[in-house]
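Subject: Structure for your review

Dear colleague,

My findings follow it, and I would be grateful if you read them with the structure open.

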Amino acid sequence: MRRADRLFQIVLLLDRGRAVTARELAEALQVSERTVYRDVADLSRSGVPIKGEAGVGYLMRPGYRLPPLMFDAEELAALALGSRMVRGWADPALGRAAERALLRIESVLPRRLRHDPARDALLVPDFHVPDAMRAPMSTLRQCISGQRRLRIAYARADGVSSERTIQPVGLVFWGETWTLGAWCELRGDFRSFRLDRIASLTPLDQHFDGTGMLARYLQAVQSDKDTCQAAEPPPFAQGEDINTRAMPESTPPNPPDASP
């Protein structure tokens, strides 16, 4: 990567509204921390308003605006592939949004970059994606964004059906399936539900405080993965449960304001 490109990437990474450590920058840019220190110092001397604090990291001061973006051929290929993956695997509304975003990018490109045979050859077929996998995504995204409880009818891999009240926190794509990560009020724990096994869903006029829940869900998934044997497929990709241990059937009191 050219140094000018690396400096630009540092500005992008620091313009996300949170502190970023030198180690995180070094890992993202594939350089040493010493190089990061030198680059940040040069950016500061050139007028980029970066503030740093020992033990916290670097942060861009509010009000700084980046110049118009330009993409190289590799970045455009990545954007095109990502857009086609969204169109092929996500719900129609999100797919249309991805297509609009790519059209906006292409409209400001130089003519020589608008049509690249190598980029056009990156295909993502969608004819094998079942409609049941994509149908509930739009509603689920709205409920996650609005932190609304959901009532779902769900069928496990063994055919057992149940109704659950859940608090949705994220949608996870495993390469072949989408799952919904949620706090299950019936089980009193985080669960992963395959979208194609959700028979019906009803948004409720009840909200929840989702602060920190996605991070806790991901920690639960990682913890479960670490305890599984390497030869076994992760249970959260096969059915509803992200935990292999038995769960009580009773509804726990006052979930999930306290950490589960």
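This is a predicted model: local features need pLDDT of at least 70, side-chain atom pairs count only at pLDDT 80 or more; totals for chains, interfaces and linings use all residues.

Two residues are said to be in contact when heavy atoms of theirs lie within 4.5 Å. Lys 51 belongs to strand E1, which covers residues 50-53. Setting aside neighbours within four places in sequence, Lys 51 is in contact with Gly 57, Tyr 58, Leu 59 and Arg 61. Arg 61 is ten residues from Lys 51 along the chain, and 6.8 Å separates their C-alpha atoms. Lys 51 has a relative accessibility of 39%, so this residue counts as partly exposed.

The chain as a whole

The protein chain contains eleven helices and seven strands. Of its 260 residues, 37% are buried.

Helix H5 runs over residues 92-107 and has 16 residues. From its first C-alpha to its last, H5 reaches 22 Å, close to the 22 Å expected at 1.5 Å a residue. Its buried residues include Gly 95, Ala 98, Leu 102 and Ile 105. Viewed down the axis of H5, the buried residues fall within an arc of 85 degrees, and therefore they line one face of the helix. Pro 92, Leu 103 and Arg 104, on the other side of H5, are exposed.

Which helix do the buried residues of H5 pack against? They pack against helix H4, residues 73-89. H4 has 17 residues and reaches 24 Å between its first and last C-alpha, which is close to the 24 Å expected at 1.5 Å a residue. The buried residues of H4 are Leu 76, Ala 77, Ala 80, Ser 83, Arg 84, Gly 88 and Trp 89.

Gly 175 and Trp 89 are 86 residues apart in sequence, yet the distance between their C-alpha atoms is 9.5 Å. Gly 175 sits in the loop between strand E4 (161-173) and strand E5 (178-184). Because its relative accessibility is 42%, Gly 175 counts as partly exposed.

Helices H1 and H3

At what angle do the axes of helix H1 and H3 cross? The axes of H1 (residues 3-14) and H3 come within 10 Å and cross at roughly 80 degrees. H1 is therefore roughly perpendicular to H3. On the H1 side, the contact is made by Arg 3, Arg 6, Leu 7, Ile 10 and Val 11. H3 contributes Thr 35, Asp 39, Val 40, Asp 42 and Leu 43. Sorted by class, the contact of H1 with H3 has five nonpolar, one polar and four charged residues.

Two backbone angles

Most residues other than glycine have a negative phi. Gln 30 is not a glycine, but its phi is positive, at about 60 degrees. Gln 30 lies in the loop between helix H2 (22-29) and helix H3 (33-45). Is Gln 30 buried or exposed? Its relative accessibility is 69%, so Gln 30 counts as exposed.

Gln 147 likewise has a positive phi, near 50 degrees. Gln 147 is located in the loop between helix H9 (137-146) and strand E3 (148-155). With a relative accessibility of 30%, Gln 147 counts as partly exposed.

Yours sincerely

Notes:
Residues are numbered from 1 along each chain as its sequence is written. Side-chain values use heavy atoms; hydrogens and water are left out. Helices (H or I, at least four residues) and strands (E, at least two) are DSSP runs, numbered from the N terminus. The expected span of a helix is 1.5 Å times one less than its number of residues. Buried means under 20% relative accessible area, exposed over 50%, partly exposed in between (1.4 Å probe, protein chains only). The arc is that of the directions from the helix axis to the C-beta atoms. Axes are lines fitted to C-alpha atoms, for helices over the stretch in contact, and angles run from 0 to 180 degrees between N-to-C directions. Angles under 35 degrees count as roughly parallel, over 145 as roughly antiparallel, 65 to 115 as roughly perpendicular and the rest as oblique. Ala, Val, Leu, Ile, Met, Phe, Trp, Tyr, Cys and Pro count as nonpolar, Asp, Glu, Lys and Arg as charged, and the others, Gly among them, as polar.
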